[in-house]
Number of protein chains: 2
Amino acid sequence: MRVPLYQAKAELFRTLGHPARIRILELLSERDHAVHELLAAIELEASSLSQQLAVLRRTGLVRQQRIGGEVVYSIVVPATIDLLSAGRNVLRAVLADQDHLAEQLDPPPSPSTKGARRPATAPLTPRRKTRSA
Amino acid sequence: MRVPLYQAKAELFRTLGHPARIRILELLSERDHAVHELLAAIELEASSLSQQLAVLRRTGLVRQQRIGGEVVYSIVVPATIDLLSAGRNVLRAVLADQDHLAEQLDPPPSPSTKGARRPATAPLTPRRKTRSA
DNA sequence: TGACCAATTGCGCAACCTTTCAAGTCTGGC
DNA sequence: GCCAGACTTGAAAGGTTGCGCAATTGGTCA
């Protein structure tokens, strides 16, 4: 595979770019889980969960094995745990940086809901532009 | 919102889920770059590059500042470099794991054992068509 | 001031991802 | 053998993303 390995890297990160998949990996970081256990821990429909598991399987991040009547998933590469951890670090730093910036601005807007740190300077949310169809 | 956390993490990873953005971050990991420098290093149209930079800016991973006649970008959070590094580690391990499996599949299929399961491991290869690379 | 250059933004189209419903496979128990 | 439970797969709908072109903005320099 000599195609730009940027492609491969991007694909790896994109695989982690889904809340359910992140959560699955975090659960599997603690210990192996059967599908129905994951299902109980994550609010998701069975088929959706299965789809996400398939994505993780396809990129080689997790492995499945049948044990009796259930299918148990486990992490293939331990380094994955470090990757998740590194992600948390970056997220923490970015949010801290944004809060820091926020403090230098005028008093905050109407705080109807707290707990959400999203300074207008650089919201972590993607784009929400015109909606008209 | 009890758990916008996974959402935020997923967004962070998804931000890295694009070849151009990975490449940009890797270049910026070495040193600050002006936009035209990035443009020279990455095969991409100016407007596309600008859009990817905007994505990175929105998530707070990079910062822009005007210096003379050019705009210079730099990494905001140093931990980002570690994140990229962690990604490389995982990718390396996953690919190694797949190669390892591939070696065991060399002999042609002679299925006779009932308990044998299918490989269940697909290469990291994308099915998406690459229009240019 | 006005020409110019570096970057960015708006927009339409095509490709892509996620969710959901329906149907299928595999195991163990009756 | 047949049924129920645990999972997976296939396909369609709906929303989102990325790319290239054209149009603009912001700033520098003659």
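The buried residues of helix 1 of chain A are A:Gln7, A:Ala8, A:Lys9, A:Ala10, A:Glu11, A:Leu12, A:Phe13 and A:Thr15. This is a predicted model, in which local features need pLDDT of at least 70 and side-chain atom pairs count only at pLDDT 80 or more, while totals for chains, interfaces and linings use all residues. Residues are numbered from 1 along each chain as its sequence is written, chains are lettered from A and ligands numbered from 1 in the order in which they are written, and side-chain values use heavy atoms, with hydrogens and water left out.

Chain A as a whole has five helices and three strands, where helices (H or I, at least four residues) and strands (E, at least two) are DSSP runs numbered from the N terminus. Along the sequence these elements follow the pattern α-α-β-α-α-β-β-α. Of the 133 residues of chain A, 39% count as buried. Among contacts in chain A between residues at least 6 apart in sequence, 47% join residues at least 24 apart, a contact being heavy atoms within 4.5 Å.

The three strands of chain A form an open sheet with the order 1-3-2 and antiparallel pairing, two strands being paired if DSSP finds at least two bridges between them. Strand 1 (33-34) and strand 2 (62-67) of chain A stand at the edges with a single partner strand each, so one side of each is left without a neighbour in the sheet. Strand 2 of chain A is joined to strand 3 (residues 70-75) of chain A by six bridges, and the two run antiparallel; within this pairing, A:Arg66 has A:Val71 of strand 3 as its bridge partner. Helix 4 (residues 46-58) of chain A packs on the sheet, touching strand 2 and strand 3 of chain A, and its direction makes about 120° with that of strand 2 of chain A. Helix 2 (residues 19-30) of chain A lies across strand 1, strand 2 and strand 3 of chain A, running at about 90° to strand 3 of chain A. For these angles, axes are lines fitted to C-alpha atoms, for helices over the stretch in contact, and the values run from 0 to 180 degrees between N-to-C directions.

A:Ala34 lies in strand 1 of chain A and is buried, with a relative accessible area of 2%. Not counting residues up to four places away in sequence, A:Ala34 touches A:Glu70, A:Val71 and A:Val72. The C-alpha atoms of A:Ala34 and A:Val71 are separated by 5.4 Å, although the two residues are 37 residues apart along the chain.

In chain B, B:His33 belongs to strand 1 (residues 33-34) and counts as buried at 5% relative accessibility. A polar atom of the side chain of B:His33 lies 2.7 Å from the backbone oxygen of B:Arg31. Leaving aside neighbours within four places in sequence, B:His33 is in contact with B:Leu27, B:Leu28, B:Leu38, B:Val71, B:Val72 and B:Tyr73. Strand 2 (residues 62-67) and strand 3 of chain B pair in the antiparallel sense over six bridges, and B:Arg63 stands opposite B:Ser74 in strand 3 of chain B. The two strands form a hairpin with two residues between them, and B:Gly68 in the turn has a positive phi of about 65°.

How the two chains are related can be considered next.

DNA strand C is surrounded by 26 residues, and the closest are A:Gln51, B:His36, B:Ser47, B:Ser50 and B:Tyr73; a residue is near a strand if one of its heavy atoms lies within 4 Å of it. Helix 4 of chain B gives the most to the surface near DNA strand C, with six residues. A polar side-chain atom of B:Tyr73 lies 2.5 Å from a phosphate oxygen of DNA strand C, and a backbone N or O atom of B:Val71 lies 3.3 Å from a phosphate oxygen of DNA strand C.

Terms used: Buried means under 20% relative accessible area, exposed over 50%, partly exposed in between (1.4 Å probe, protein chains only). A polar contact is a pair of N or O atoms within 3.5 Å; within protein, one must be able to donate a hydrogen and the other to accept it, and residues adjacent in sequence count only if both atoms are side-chain atoms.
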